[in-house]
Amino acid sequence: MAEKRMISISLVDDDRFLDMTQGAQLLYFHLSMRADDDGFFSPKKTLRTVNAKQSSLDELVENGYVIMFPSGAGCITHWYANNTIKSDRYKESQYPERNQVELRTIDGRKEYVLRNVSATGTNLEPQRNQTGTKMEPERNQLGTNLEPQDRIGKGKKELSLSKESSSKKESSPHGTTAEPEMPEKPSLDEAKAYFRGNLLSGDPEVFYDHYEAVGWKIGNAPVQDWRAAARKWSVKEREFGYGRSSPKGEESKPRDYDGSYDGHRMKEVSI
C-alpha cells in the first residue's frame, strides 16, 4: 500500500467543507491518511486512535464526504479527486464493499457513488483508471472471473463481453421500460401529523422546507425513509436547536462538535 496521501485544496477550501465542525474536518484528514489505495477504511480504530466522536463521522456522511456501508466499512467519496497512485505502488482494496460503488465525474471531479443493481442482479466492478507509468486494464465482470481485456499489441484479439442479458433493460409486462421506484416523500400535512403523533421536537414546517429545498437528499443519496429522517431531525433539534429562533436580544452561537464555541458560525447541515 502506498504510504503517501494527498488532499485537493479545492475540495477542502469549499464552503461546504469549511462550514463543518473542526472535529469533522480533522477526522476527514485522519481517515484519508489511513484509507487503503482505493479509499476504503474501517472507522472504529481511527475513531479510538484520534479520540473522535461518532457525530463527526455522521457529519461527514451527511455532507457527502464519506460513504458508509451497513457492514461498518466506509470510503472517501472524492478519493480519486485527491489521490493518483502509480500502478507499481497500488494495492487493490480487499473490502468487498468496493463493488457497491462506482466512479463518476461530477462537476469535473471524480467521486464514488452508490452503484445501482443491474438487470441481471449482479454488481459490476467499477472501471479503474490509475494515473502513473502503467495503466491498469479495464475490467468488466458479470459474476464470473474473466481475465481483463487485452488491448496491447497487434494481432491480439480483443476480448469482448456481449451477453444479451447485460444489454437488455428490464421491461414491464406491457413492454415498456420499468422506471426505478422512487422513495416515498411526505406532504407537509403528513409531516405535521407525524411530528404531532410521535411527540417529536422541532418545527415540522422547517423540516419539510429543508428537505424539499435539497430535493429530499442527504448528500448525493435520496432520503430512503423520511420518518427516520424526521426522528433524527428531532434528536438534532434537542441537541442543537435546529429551526429555533434565538431569544430576543440574544444572538445564537453555533457549537462545535464537543459543545464549546469555536467563534465561527456553523452552517446548518443536512441530517
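**View 1. Surroundings of Asp-36 in the predicted model.** In this predicted model, Asp-36 touches Met-1, Arg-5, Trp-79, Ser-93, Gln-94 and Tyr-95, leaving aside residues up to four places away in sequence. Asp-36 belongs to the loop between H3 and strand S1 (40–41). Its relative accessibility is 10%, and Asp-36 therefore counts as buried, the cut-off for this class being under 20%. Tyr-90 is 54 residues from Asp-36 along the chain, and the C-alpha atoms of the two residues are separated by 9.3 Å.

**View 2. Packing of helix H3 with helix H5.** Helix H3 spans residues 22–34 and helix H5 spans residues 54–62; their axes lie 8 Å apart and form an angle of about 80°. H3 is therefore roughly perpendicular to H5. On the H3 side, the contact is made by Gly-23, Ala-24, Leu-27, Tyr-28 and Leu-31. On the H5 side, Ser-56, Leu-57, Glu-59 and Leu-60 take part. Sorted by class, the residues of this contact comprise 6 nonpolar, 2 polar and 1 charged.

View 3. Which residues of H5 are buried? They are Ser-56, Leu-57, Glu-59, Leu-60 and Glu-62. Of these, Ser-56, Leu-57, Glu-59 and Leu-60 are also named in the contact with H3. Gly-64 follows H5 and has a positive phi, near 85°.

**View 4. The hairpin of strands S4 and S5.** Strand S4 (residues 101–106) pairs with strand S5 (residues 109–114) in the antiparallel sense, over 6 bridges. Val-101 stands opposite Leu-114, a residue of S5. The hairpin has 2 residues between its strands, and Asp-107 adopts a positive phi near 55°. In a regular strand, side chains alternate between the two faces of the sheet.

**View 5. Confidence along the chain.** The average pLDDT of the chain is 74, and 64% of the residues score at least 70. Among the elements of the chain, strand S2 (residues 66–68) has the highest mean pLDDT, 96, whereas helix H7 (residues 164–167) has the lowest, 48. Over residues 117–172, pLDDT stays under 50, and the model has 70 contacts beyond four places in sequence for this stretch. Where pLDDT is low, the predicted coordinates should not be read in detail.

Note on methods. Residues are numbered from 1 along each chain as its sequence is written. Side-chain values use heavy atoms; hydrogens and water are left out. pLDDT is the predictor's confidence in each residue, from 0 to 100. Helices (H or I, at least four residues) and strands (E, at least two) are DSSP runs, numbered from the N terminus. Contact means heavy atoms within 4.5 Å. Axes are lines fitted to C-alpha atoms, for helices over the stretch in contact, and angles run from 0 to 180 degrees between N-to-C directions. Angles under 35 degrees count as roughly parallel, over 145 as roughly antiparallel, 65 to 115 as roughly perpendicular and the rest as oblique. Ala, Val, Leu, Ile, Met, Phe, Trp, Tyr, Cys and Pro count as nonpolar, Asp, Glu, Lys and Arg as charged, and the others, Gly among them, as polar. Buried means under 20% relative accessible area, exposed over 50%, partly exposed in between (1.4 Å probe, protein chains only). Two strands pair if DSSP finds at least two bridges between them.
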